[in-house]
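User: Good morning. I would like to go through this structure with you, one topic at a time.
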Amino acid sequence: MPRSTKATSPQPATGSVALLIGTRKGAFIFRGDRTRRTWKLSAPIFLGHIVHHLVLDPRDRRTILMAARTGHLGPTVFRSTDFGKTWKEATKPPAFLKVPEGQQGRAVDHVFWLTPGHPSEPGVWYAGTSPQGLFRSIDGGVTWKPFSYINDDPQYREWMGSVQDGTPDGPKLHSILIDPRDPAHLYFAMSGGGVHESVDGGRTWTTIVQGLEVVEGFDAATITFHDPHCVRLCPTNPDRLYQQNHCGIYRIDRPSNQWIRIGKNMPKQVGDIGFPMVLHPRDPNTVWVFPMDGSTVWPRVSPGGKPAAYVTRNGGKTWTRQDKGFPRANAWWTVKRQTMTADAHEPLGLYFGTTSGEVWASRTGGTSWTCLARHLPEIYSVEVAELTR
Amino acid sequence: MNVSIPTPLRSYTAGQGEVPADGTSLEEVFVTLDRRYPGIRFRIITEQDTIRKHIRIFVNGEQVQHLAVPVRPDDHIHIVCALSGG
């Protein structure tokens, strides 16, 4: 951890915002105006495709990458360089190396996660797949290659476990994070398989799971049992990361290797289980979660049918419920790990999508919420696109 | 030989439901198809050269399980998308 320089603190954005929405039946672009009061939904893009992630390249604000497949066809990446007007398929989508005859090789089932590279590396993108694999493109997403050694490393393969060890629709590599101070400083997470860090551009990796709990009865020393759902790195304090895990909400302040379960401070009747983790773009003490019922058979819906976001403004010491505008009862929402995000405005806008196809927004940092859309397909991802600063 | 293309793959063949192909094995057929319609092979065949889970391939009405199957110029190949509704 040799870094010492601070990341720069960005000024609030003032331009218009768009939401890039991936669903089980296609993608949508939701365009807002500068005030974020008026929104216009696009026609479906690639209707019928399963879109796991749709991400704008913040380095040019025009290029969008889409991780897609269909129920029948293999996984691919589509690329638009005109903000979604036209699309071209990657000529070489992420794929594992072919193994020699007689050996059991892996095949990418779907590309799950996309991360644009460091601002100093235009054209670089990272992808995480199911089953777990780490891939990189250096030409803006046109061609992809396995990145680092982990995809075929015996130790990592053991930690990745089998298909049965992963989430219901396949084990996933996600939360690929890049230190804004150093393009060679990377993190990724696996469900299951823990959190991993490289300080040398992926040549070597270290596992960071100290302090993380695992399901009762299992051994926390076994990396496979660690199930980070979503890990985020503070843009203005890249030594601080937050994590929504299968077993709680955590914070870590590097160079410490010890995660602290800040979710213990959540209300007991709500708990600290969920999928998304949303960070404030300028304040490393402020984060949001959207708790899910993690009891008994893990329903993973809003506890008690009463949806709420929770915010902490002091790094997890205390949490405040934010549910103004939400249904007061009988709303059994599930909000997946890539479906909640924030813009960079002041006051900050928050956005999330549900598996029941609703998009909700707050222009006030979560103090009140409005439904922007209903009746979309099951929502897999929501990402903000700041069209101008 | 001719290859029947299912609707989910016709974005690669400019809408054509049947296209000509060459080769002495199914593997060669897919190589030539991919050369003509870039990207189509990977949507059907994995990086381990196995037929994808919800794809079925028939040669003259007989289902085949792998790409090493020999084919002749007068054979007809059907690519079928199956078993993945909803």
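User: Leaving out residues up to four places away in sequence, which residues does A:Leu19 touch?
Analyst: This is a predicted model. In it, A:Leu19 touches A:Phe30, A:Tyr351, A:Val359, A:Val382 and A:Val384, with residues up to four places away in sequence not counted.
User: And which residues have the most contacts inside the largest nonpolar core?
Analyst: They are A:Leu19, A:Leu20, A:Ile21, A:Met66 and A:Val359, in a core of 101 residues. There is also a second, separate core of 19 residues, which includes B:Leu33, B:Ile40, B:Ile44 and B:Ile79.
User: Turning to chain B, how many helices and strands does it have?
Analyst: Chain B has 2 helices and 5 strands. Starting at the N terminus, their order is β-β-α-α-β-β-β.
User: Which residues of helix 1 in chain B are buried?
Analyst: Helix 1 of chain B spans residues 26–36, and its buried residues are B:Leu26, B:Val29, B:Phe30 and B:Leu33.
User: Why do they line one face of the helix?
Analyst: Viewed down the axis of helix 1 of chain B, the buried residues fall within an arc of 95°, so they line one face.
User: What covers them?
Analyst: The cover includes strand 1, helix 2, strand 4 and strand 5 of chain B.
User: On another topic, how many residues does each chain bring to the contact?
Analyst: Chain A contributes 15 residues and chain B contributes 15 residues. On the side of chain A that touches chain B, 6 are nonpolar, 7 polar and 2 charged.

Methods:
Residues numbered from 1 in each chain as written. Chains lettered and ligands numbered in written order. Predicted model: local features only at pLDDT ≥ 70, side-chain atom pairs only at ≥ 80, totals over all residues. Contact = placed C-beta atoms within 7 Å. Nonpolar A, V, L, I, M, F, W, Y, C, P; charged D, E, K, R; others polar. Buried ≥ 20, exposed ≤ 12 C-beta atoms within 10 Å, placed from the backbone. Helix = DSSP H or I, 4+ residues; strand = E, 2+ residues; numbered from the N terminus. Arc of directions from axis to C-beta. Core = buried A, V, L, I, M, F, W, Y, C linked by C-beta atoms within 7 Å.
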